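Me: I'm just starting out with protein structures. Could you pick one part of this one and take me through it slowly?

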Amino acid sequence: MTQTRRAATQPSTVALITFALAAFGPGLLQMPMMAYVSQLYAKEFGIDLAALGGVLVTLRVFDAVTDQLMGYVSDRTRTRWGARKPWIVAGGLLCLIASFFLLRPSGPVGLVYLVAWKALYDFGFTMIDINQQSWGAELTTEYKARSKITGAKAIVTQLGSLGNYVLPIAVAWFGLSESSAYSIDMLAYFFVAAAVIFPVTIGISFFFAPKGIALPAKRPELIGFLKSVRSNKPLWIYLASFTLCGMGMGILQIIFTFYDGYLKLGAWYPYLMTVFAITMAASMPLWIWAAGRFGKHKSYVVAVTISSLAMQGYWFVDVATMSLDTILAISFVVIVFIGAGASAIVVISPAILADVADYGRLRTGEQRTGGYFAFYLLTNKVALAIGAGAAFLLLSLFGYDARADATNDATAAFGMLFTVALLPAILKIGGALIIWRFPIDQRRHAVIQRRIVQLETRQLEARMPLAPA
């Protein structure tokens with residue numbers, strides 16, 4: 001009873017900040033590792049797009065499998081620092097090792113080199129991501145407070161992402177590079193920044209952030225998780241929605257090629273993404289409020305629709321006839337609307353899943369937060385992999401050539417717009433509509449929490465020894 005009441009309180013501002021700081025380093029490297037590294041390797045080392053797309057799918061599937069292992073092991077971990085913190089530290093170390101080789105490539109660099117170090121980085125990121133999201137879900141059981149926790153993490157992630165966009169600009173301004181455009185040489189500066197940021201931010205989270213509610217002494221078994229997942233109807237609705245959205249997001253992993261190669265805005269790309277990151281961070285408090293006022297799932301649907309429709313503005317851009325200034329101005333406007341909508345996705349989706357995990361706890365009596373987040377990541381990463389692989393394949397089928405000196409015809413241009421703008425919008429809006437009538441709202445979540453308290457009380461009373469006559 002005491003633990004449950006304590007978990008339902010509002011986390012302090014200091015607790016939110018120290019918890020969220022662990023996301024800053026991964027936020028800094030998120031886009032370089034997810035998009036720029038593979039596409040720059042294709043551009044500068046001549047890796048074939050079709051082969052790259054196939055390998056990325058394989059990597060995602062492998063990564064999704066390791067997610068399940070991490071979620072299971074995390075739920076069974078019991079240490080003096082809590083279940084999640086030690087794994088975040090270990091994940092940060094693996095990320096730094098892998099990023100050293102990926103961001104400063106040397107020796108024979110090809111597809112095997114990229115795959116090996118990318119797999120290690122993805123595993124380290126998995127260790128951080130699953131454990132931090134599970135940890136955040138265990139800082140409170142209150143419906144609205146969870147949006148604040150996921151919002152704090154999302155804001156810090158975006159501040160890290162902002163550093164990713166500002167860094168190339170600063171490097172160019174200080175004369176360390178001739179251009180602010182992303183390149184293999186530019187990536188080396190990201191490693192220098194990460195080598196400083198990862199130990200500091202993760203260290204602060206490890207030593208100063210609260211551990212969250214104490215997990216039950218009994219460690220959950222794998223077979224019990226499978227039963228919990230099978231009987232959790234809200235989870236399957238959630239997965240159906242976010243699998244479609246994930247495929248749309250996976251396609252958008254080629255967005256750098258779109259801005260750099262198609263729109264010819266490579267030197268301006270960091271500036272565009274800086275505006276994107278600022279807009280996302282500034283919009284997050286609005287979506288935190290909207291999630292509490294109108295419900296998480298309905299706010300999510302509105303946000304996805306805004307960002308998806310905004311991308312359609314690029315159909316009105318004629319690269320052949322418009323001036324660079326006009327294309328750039330349109331891009332800045334589109335980016336603001338995309339950022340305003342996309343900010344809700346990273347705030348609201350993990351908060352909804354935390355409520356789904358509570359429902360699973362009520363059904364089984366076991367705390368399996370890590371398992372639920374890992375299972376979601378399994379489906380999400382497969383969806384991202386399918387989307388990314390389909391994007392590279394579609395560009396290849398439309399005859400788009402990503403090489404720096406290539407010339408693309410009208411068919412290739414249409415293929416790029418169809419792949420980047422229209423197809424992701426169809427997938428994301430379709431997925432969002434599935435969740436419009438999600439069964440766990442604020443009222444029903446309060447009922448779930450009351451029943452969990454009653455269940456814990458009965459379990460505690462059953463374990464108490466009888467008083468002597």
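This is a predicted model: local features need pLDDT of at least 70, side-chain atom pairs count only at pLDDT 80 or more; totals for chains, interfaces and linings use all residues.

Reply: Let's begin in the loop between α11 (255-262) and α12, where you'll find W268. W268 has a relative accessibility of 35%, so it counts as partly exposed, a label for values between 20% and 50%. Now look for L252, which is 16 residues away from W268 along the chain: their C-alpha atoms sit 18 Å apart.

Next, move along to helix α13, which runs over residues 296-310. Its 15 residues span 21 Å from the first C-alpha to the last, close to the 21 Å you'd expect at 1.5 Å a residue. Which parts of α13 are buried? Among them are H297, Y300, V301, V304 and A310. The buried residues of this helix pack against α7 (143-173), α10 (233-251), α12 (269-294), α14 (324-364) and α16 (410-434).

V302, I306, V333, V336, F337 and W436 make a nonpolar surface patch of about 500 Å². α13 and α14 each supply at least two of its residues, and the largest share, 3 residues, comes from α14. One to click on is V333, in helix α14: its relative accessible area is 48%, so V333 is partly exposed.

Finally, the inside. In soluble globular proteins, nonpolar side chains tend to be buried together. Here the largest nonpolar core has 128 residues, and Y36, F258, Y259 and Y314 have the most contacts inside it. α14 gives the most to this core, with 16 residues. If you zoom in on F258 and skip its neighbours within four places in sequence, you'll see contacts with L263, M311, Y314, M416, L417 and V420.

Methods: Residues are numbered from 1 along each chain as its sequence is written. Side-chain values use heavy atoms; hydrogens and water are left out. Helices (H or I, at least four residues) and strands (E, at least two) are DSSP runs, numbered from the N terminus. The expected span of a helix is 1.5 Å times one less than its number of residues. Buried means under 20% relative accessible area, exposed over 50%, partly exposed in between (1.4 Å probe, protein chains only). Contact means heavy atoms within 4.5 Å. A nonpolar core is a set of buried Ala, Val, Leu, Ile, Met, Phe, Trp, Tyr and Cys residues joined through side-chain atoms within 4.5 Å. Patches are made of residues with over 30% relative accessible area and no salt bridge: like charges are joined within 9 Å, nonpolar side chains (Val, Leu, Ile, Met, Phe, Trp, Tyr) within 5 Å. Accessible areas come from the Shrake-Rupley method with a 1.4 Å probe; for residues, only the protein chains shown count as cover. A salt bridge is a side-chain nitrogen of Lys or Arg within 4 Å of a carboxyl oxygen of Asp or Glu.
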